[in-house]
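Dear colleague,

Please find the structure below, handed over for your use.

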Amino acid sequence: MCLAIPGKVVETYDQGGLRMAKVQFGGITREACLEYLPETKSGEYVLVHVGFAISRVDEAEAKRTYQALKELDQLNELDAPAVDETEAADDPTVSRLIKGSNGNEIP
Amino acid sequence: MKYLDEYRDGDVANKIVAEMRRIQTRPWVLMEVCGGQTHSIVKNGIDQLLPEGVELVHGPGCPVCVTPLEMIDKAHAIARRPDVIFCSFGDMLRVPGSDGDLFTIKSSGGDVRVVYSPLDCLKIARANPAKQIVFFAIGFETTAPANAMLAWRAREERMTNVSLLVSHVLVPPALEAILASPENRVQGFLGPGHVCAVMGYSEYIPISARYKAPIVVAGFEPLDILEATLMTIKQLEEGRAVVENQYSRVLNQTGNLPAQQLIGKVFEVSDRKWRGIGTIPLSGYRLREEIAAHDAEKLFDVAEIVTLEPEICISGSILRGIKKPHDCPAFGTLCNPQHPLGATMVSAEGACAAYYAYGRHLKPQGADALHRIAPAAVHAAPVNGGRA
């Protein structure tokens, strides 16, 4: 679980005082915090670890690393359930499982 | 797939190995630090491609593996409380404590949730004001920025129902402990790439100089590992010992400064116990006094829990590069991914679990055979947590 996963930033926004982004990993999009790379723009590629962008990479590096992680079966971090604020009182591990990441190609 | 070719090109791999053969004059023992690197090495049979006399031993860089058993027991004691929603990264759910794992607690009514980001705990806390939300904050430096942000936001937003059970460990003190041991065999390191993406690699320079051990910060793809191995051998053969960066396409010497700043505001360096190894001085983080209101260990009175580890397990020697999984009489028999006895079997990134997943408990295999059996073996061995 110590490896970061590359994805493409598709949208940036502020939420509750934090710089956030939608990041595309293969076929799925997840939220990531940009506080540690605040100048990141849409269209750029970042390494994301447990919901935080920690390093910028170029597109070629992102695609290569994504594929390498997929082969190592190291993308399961992305399978963790999303927590929706309004529904967080429900148990998300049961009710809000999202689609698995394996088998998807990075766009 | 043009991007892939460059980093797994068989011709390039052969050239690197040929260059190792050309320059090598004596045996060398190198350690890859990161569990992701270990996994990649075993999966791709990289250790079996290397020239005879170049040995890779597997380091302590798997955070799930080195989280001490008694910390798992503390987590379980908190997770069993009816007033608690216990949040964790998926990898920790299957790690057994003295009595079951977090899945067992969940199935017997405990509210245990897998989160993608530590920040998810804030959302859960706002939606459940009558519950205490406790996050199991484990990891190396790669994970520290995320965990630090949860603690910082909980403090800034004056949230009274969010706390962290912290078990954070640091790579440089572990390398120093390995090098300082009288039993040490390791002469050079492949450094952990994504840890250094956060922290940079300045901290490694005095360690490399003091112990005359080359440290080459490396990625985890097959050619990254081969290239870094060559760079390390080259230094050793030339009598040099410096820190080099094989992974410059991802990181630089400085690392991520905003992340380091917040880590410094939230955490302070403290002694930490490592599963299999024991206490290493100043080898981890604890929450600073200013964040004590969010320290689960203080809030839930679990500081007194002490757990001993099974005596038969040799994971401590494996994590320090002194032994290999095959040296253990329990490997693949008494100890397997379903019933791990110790650190290196509890997560897919541990050396024993990686050897097991790729069939090395069965019989000696060549690199090609490993490639053929790998996919089936991966699916047969449910060593990956995180799939709640």
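Arg158(B) sits in the loop that links helix 9 to strand 6 (162-169) of chain B; helices (H or I, at least four residues) and strands (E, at least two) are DSSP runs, numbered from the N terminus. This is a predicted model, in which local features need pLDDT of at least 70, side-chain atom pairs count only at pLDDT 80 or more, and totals for chains, interfaces and linings use all residues. Residues are numbered from 1 along each chain as its sequence is written, while chains are lettered from A and ligands numbered from 1 in the order in which they are written.

Although Arg158(B) is not a glycine, its phi is positive, at about 50 degrees. Most residues other than glycine have a negative phi. Arg158(B) is exposed, with 7 other C-beta atoms within 10 Å. (A residue is buried if 20 or more other C-beta atoms lie within 10 Å of its own, exposed if 12 or fewer, and partly exposed in between, with C-beta atoms placed from the backbone.)

Asp301(B), in the loop between helix 15 (296-299) and helix 16 (315-319) of chain B, also has a positive phi, near 55 degrees. Asp301(B) counts as exposed, having 10 C-beta neighbours inside 10 Å.

**Chain B as a whole**

Chain B contains 18 helices and 11 strands. Its radius of gyration is 21 Å, close to the 21 Å that the globule rule gives for 388 residues, so chain B is as compact as a globular protein of that length. The radius is taken over C-alpha atoms, and the rule is 2.2 Å times the number of residues to the power 0.38. Of the 388 residues in chain B, 58% are buried.

**Where the chains meet**

The contact draws 52 residues from chain B and 38 residues from chain A; two residues are in contact if their C-beta atoms, placed from the backbone, lie within 7 Å. Elements of chain B that give two or more residues to this side include helix 1 (2-8), helix 9 (144-156) and helix 14 (257-266).

The largest nonpolar core has 158 residues, and those with the most contacts inside it are Leu47(A), Phe52(A), Ala53(A) and Cys121(B). Such a core is a set of buried Ala, Val, Leu, Ile, Met, Phe, Trp, Tyr and Cys residues joined through C-beta atoms within 7 Å. Leaving aside neighbours within four places in sequence, Leu47(A) has contacts that include Ala53(A), Ala197(B) and Val250(B).

Yours sincerely
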